[in-house]
Amino acid sequence: MNAQVRHRLAALTRVRPWVMWMTIILLLLLPMVAMQFTREVQWDKSDFAAAALLLGGGGLAYEIGSRLLRTATHRLLLGALLLLTVGLIWADGAVGIF
């Protein structure tokens with residue numbers, strides 16, 4: 001691998017966590033914005049706290065896991081597993097599918 005490719009991969013590695021955390025913050029802001037326009041979304045402080053704990057915990061688990069794993073394939077599998085887990089917990093909390 002030449003130096004230019006390594007430099008670009010290193011730059012991408014520095015940007016990836018920032019993008020993930022900004023996405024989590026935006027996901028937490030969506031219900032707040034929706035509450036301004038419709039009565040169908042009614043979250044209170046405990047709902048925001050639970051969502052922050054779930055999304056933040058998933059993000060933190062990915063950060064720790066991705067630093068321990070060496071290959072991109074393993075990191076991708078970890079991300080998919082965490083997305084599935086967070087999605088299932090979120091769906092169960094929203095409508096009680098289990």
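Is Glu63 buried or exposed, and what is its relative accessible area?

Author: This is a predicted model, in which local features need pLDDT of at least 70, side-chain atom pairs count only at pLDDT 80 or more, and totals for chains, interfaces and linings use all residues. Residues are numbered from 1 along each chain as its sequence is written, and side-chain values use heavy atoms, with hydrogens and water left out.

Glu63 is buried, with a relative accessible area of 10%. Buried here means under 20% relative accessible area, exposed means over 50%, and partly exposed lies in between (1.4 Å probe, protein chains only). Glu63 belongs to helix α2, which spans residues 45-68. Helices (H or I, at least four residues) and strands (E, at least two) are DSSP runs, numbered from the N terminus.

Beyond residues up to four places away in sequence, Glu63 touches Pro17, Met20 and Trp21; contact means heavy atoms within 4.5 Å.

The side chain of Glu63 also meets that of Arg67 in a salt bridge, at 3.2 Å from N to O. A salt bridge is a side-chain nitrogen of Lys or Arg within 4 Å of a carboxyl oxygen of Asp or Glu. Side chains of opposite charge can pair when their charged atoms come close. The structure holds 1 salt bridge. Both Arg67 and Glu63 lie in helix α2, 4 residues apart, about one turn of the helix. Their side chains are likewise joined by a polar contact of 3.2 Å. A polar contact is a pair of N or O atoms within 3.5 Å; within protein, one must be able to donate a hydrogen and the other to accept it, and residues adjacent in sequence count only if both atoms are side-chain atoms. Whereas Glu63 is buried, Arg67 is exposed, with a relative accessible area of 67%.

For a view of another region, one may turn to helix α1, which covers residues 3-37 and includes Leu26. Leu26 is exposed, with a relative accessible area of 53%. Together with Trp18, Val19, Met22, Ile25, Leu29 and Met32, Leu26 makes a nonpolar surface patch of about 660 Å². Patches are made of residues with over 30% relative accessible area and no salt bridge, where like charges are joined within 9 Å and nonpolar side chains (Val, Leu, Ile, Met, Phe, Trp, Tyr) within 5 Å. Accessible areas come from the Shrake-Rupley method with a 1.4 Å probe; for residues, only the protein chains shown count as cover.
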